[in-house]
Amino acid sequence: MKPIARDVLPWYSRASGIFLRLCVGLVLLASLGGCRATLFAGLNTTDHRHGIESTRGVVFDPSTGLKLDVYRPAATIDAPVVVFFHGGSWTSGKRQWYRFVGTALASRGIVAVIPDYRKYPQVKMDGFMADAASAVAWTHAHAGEFGGDASHLFIMGHSSGGHIAGLLATDGRWLQAQGMTTRELAGFIGMAGVYDFVPIAPNEKDMLGMFGHSPSEQHRAQPIDFVDGDEPPMLLLHGLSDKEVEVHNSTSLADAMKARAEPVTLKLYPGMGHSGLVFALSTPLQGKKPVLDDVVSFIHQTPPARSAITP
């Protein structure tokens, strides 16, 4: 199993008391080759919130058996909805690890949906992108059952999950295959996503395997190549100390949006690394950087999707 990202320990070392000892122990375990699932399990044990309901293990695609989890404020009506795609280099990760993301959003009045998707090498790009589009279409169709407003639907992702969500937001063909358009998205929230990466380096064997070896194949996977003036509003977040996904991925996508006069907000956080960005949504670390506040403000200030406003 892969060790936890290098920026986790500095973030966790600033926690206090019992949580400090818990997190340092978990990070050391991961660094020594322990399972990353242990780290996420420990993080989720610190997450105690009231007034939140969850529905877990919902099958959204019977053909693959893929499931999703829903977190929502109790008795909510017409709340904004976010579909969150986790990271893991397109090769690993589980929806259950990100309960802290779902509860963080639900605690702020948002219905959060966290789906699984198939990973490489089981599938290549077409497989996991089809899974992601299917999860968004399912959420759009069923949002009202969980107190959500389908016209206020956002997609969000971290790292490789940010790439997946970013490609859904820019290349309309993926959602069109599910009977939707990008005009039915209220917005896209990218957390240290991979948007501008062609040409792929020869040592990136997994990326070459899932995205192709030729530049023409690779450009098909690059979100900035599809910005054409029909994208939803974007919030792009990135830590300036990120050593895993370079900051230029977010600045390049922001520049592409600005060139088309499309609404985009770029938030860069000094001293924050790659994993620290998503862990900043967890209960113990929310006060370190305003990541959750920035996400929630964007969601609540962004109007419904264009399809709900114009025919």
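The secondary structure of the protein chain comprises 13 helices and eight strands, as seen in a model that is predicted. Among contacts between residues at least 6 apart in sequence, 75% join residues at least 24 apart.

**Buried helices**

- Helix α4, which spans residues 99-106, has seven of its eight residues buried, and it is therefore largely enclosed by the rest of the structure.
- The buried residues of α4 are Phe100, Val101, Gly102, Thr103, Ala104, Leu105 and Ala106.
- Helix α6, covering residues 160-170, is mostly covered, since eleven of its eleven residues are buried, where buried means under 20% relative accessible area.
- The buried residues of α6 include the glycines Gly161, Gly162 and Gly166, together with His163, Ile164, Leu167 and Leu168; Ser160, Ala165, Ala169 and Thr170 are also among them.

**Aromatic rings**

- A search of the whole structure finds nine aromatic pairs.
- One aromatic cluster is formed by Phe84, Tyr98, Phe100 and Phe279, and of these Phe100 is also one of the buried residues of helix α4.

**A charge over a ring**

- Lysine 119 lies over the face of tyrosine 117, at 4.5 Å from the ring centre.

How values were computed: Residues numbered from 1 in each chain as written. Predicted model: local features only at pLDDT ≥ 70, side-chain atom pairs only at ≥ 80, totals over all residues. Heavy atoms only, no water. Phe/Tyr/Trp six-rings, centres within 6.5 Å; stacked < 30°, edge-to-face > 60°. Lys NZ or Arg CZ within 6 Å of the ring centre and 35° of its normal. Buried < 20%, exposed > 50% of the residue type's maximum accessible area, 1.4 Å probe, protein only. Helix = DSSP H or I, 4+ residues; strand = E, 2+ residues; numbered from the N terminus. Contact = heavy atoms within 4.5 Å.
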